[in-house]
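Okay everyone, thanks for coming.

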Amino acid sequence: MKLPNYNYHSHTYRCGHAAFVGDLEYINKYINNGFESIGISDHMPNTKYQLPDERSRMDIKHLKTYLKSIKRIKKQNKNINILIGFECEYSNILGKHLCMLKDKCDYLILGQHYIDDINPISNAEYPLIYAKTVCEALDTGLFDYIAHPDYFLKFRDTIKEEYKETYINNCKKCFKMICLKAKKLDIPIEINLNFINNIKIMKDNEYPYPHSLLFNIASKIGNKCVVGIDAHIPSVIDKYNDSFNKVLRDLPKLNIIYDYNPKNQRNKLLDKKYNIFKKNIKNFEHYFLKKIIKKIPYNSNNEEILKIFNKLKSNLLNSKNKTINRLLKEIDTINNSILDLKDKNNMINRKKEFIKITEKRYKEQNKLLNNMINKINKNKDKYNGQKLLKKLKEYYL
Ligand SMILES: [Zn+2]
Ligand SMILES: [Zn+2]
């Protein structure tokens with residue numbers, strides 16, 4: 001069977017859960033396997049206000065070297081087209097950050113791995129919330145394709161028997177919403193090959209994803225489909241042919257694009273949407289404070305508001321300490337392991353670096369909370385009682 005000779009879903013060691021190899025090792029594999037156009041799309045970094053997540057993503061301080069490394073390889077390898085991108089989650093609090101990333105690279109893929117504050121485990125309503133978030137994300141014009149729109153199905157075996165029917169119906173509704181939105185905006189959806197090599201089969205005898213529930217709907221709606229290897233280790237690129245055939249065997253007939261480039265084939269409608277989004281989106285600080293202020297009860301007085309902010313400060317301090325303790329423990333475990341010295345050192349250095357980063361990011365978020373506390377203290381004589389809260393709610397909500 002004919003194979004698409006592109007792949008725009010590929011990670012690097014910087015995300016902390018991919019092989020610790022140089023970027024060039026991936027590129028050489030792509031070249032040796034006859035790919036003509038590829039993109040590196042590592043997991044996006046958190047903002048400077050969030051505690052880092054060294055098991056899932058690079059830190060924002062690694063952004064420059066990531067872009068530089070891929071650009072250098074691109075310059076040195078003219079026989080293959082190389083794009084630079086990111087795989088990103090969406091929420092409005094990240095909007096400004098996502099615009100910054102988008103303007104520095106060739107394309108963004110939406111990989112919605114989680115939704116803030118919502119647990120996907122044993123949650124039959126999760127697919128509906130997921131669909132809403134994905135559709136909202138697509139409407140921003142930020143994203144050029146959707147990675148694994150069926151990602152959350154990997155939690156499906158946690159749904160209790162009595163909710164299974166509701167869950168399946170919600171999944172169908174979810175995929176219909178996503179497919180219709182993607183079709184309207186001419187955004188391709190991805191057939192993700194990440195799980196194919198793990199041969200992890202779930203109770204319904206299918207892979208965690210890609211799943212027939214999504215692709216039966218995509219097939220009917222006629223969505224454009226792209227194939228994504230989602231490489232976290234260069235050797236999977238050698239297995240591309242097998243993985244592709246294996247996955248296609250179980251899926252309905254799909255409208256696969258055989259010639260795809262997210263940069264050149266970007267729809268004008270998306271640019272228009274993106275420009276509007278970029279003009280209107282507020283910064284992280286705004287949405288961060290908005291979320292807090294929204295939850296403060298209307299009858300709270302100034303002292304009660306201050307108490308809420310101070311509580312958040314101590315929670316933040318606790319999560320920082322928890323993260324650092326975990327990292328220290330992990331360093332101990334690695335030290336006592338039988339890994340070879342080079343791997344040990346690489347892993348330990350990364351954990352040590354992230355201890356420093358955690359301190360730094362903690363300070364930034366703490367600063368946001370302190371600024372608010374200072375503002376409230378300054379105004380608490382001027383606006384006594386609930387007037388201050390009213391002013392805050394007026395401004396932020
Ligand atoms: Zn992903
Ligand atoms: Zn990925």
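Let's start with one pair of residues: isoleucine 40 has isoleucine 84, in strand 3, as its bridge partner. Before I go on, keep in mind that this is a predicted model.

So what does that pair belong to? Strand 2 and strand 3, which covers residues 81-88, run alongside each other in the parallel sense, with seven bridges between them. To get from strand 2 to strand 3, the chain goes through helix 2, residues 63-76, and that β-α-β crossover is right-handed.

Now the other neighbour. If you want to find the spot, look for asparagine 7, which sits opposite isoleucine 38 of strand 2. And here's another β-α-β unit, also right-handed: strand 1, then helix 1 at residues 23-32, then strand 2.

Okay, is strand 2 buried or exposed? Seven of its seven residues, 37-43, are buried, so the strand is largely enclosed by the rest of the structure.

Helix 10 spans residues 302-335 and helix 11 spans residues 341-379; they pack at about 175 degrees, with axes 10 Å apart. Anything over 145 degrees counts as roughly antiparallel, and therefore that's what we call helix 10 and helix 11. What kinds of residues make up the contact of helix 10 with helix 11? There are 18 nonpolar ones, plus six polar and six charged.

Notes:
Residues numbered from 1 in each chain as written. Chains lettered and ligands numbered in written order. Predicted model: local features only at pLDDT ≥ 70, side-chain atom pairs only at ≥ 80, totals over all residues. Buried ≥ 20, exposed ≤ 12 C-beta atoms within 10 Å, placed from the backbone. Helix = DSSP H or I, 4+ residues; strand = E, 2+ residues; numbered from the N terminus. Pairing = 2+ DSSP bridges. Right-handed = clockwise from strand over helix to strand, strands pointing away. Axes fitted to C-alpha atoms, helices over the stretch in contact; angles between N-to-C directions. Parallel < 35°, antiparallel > 145°, perpendicular 65-115°, else oblique. Nonpolar A, V, L, I, M, F, W, Y, C, P; charged D, E, K, R; others polar.
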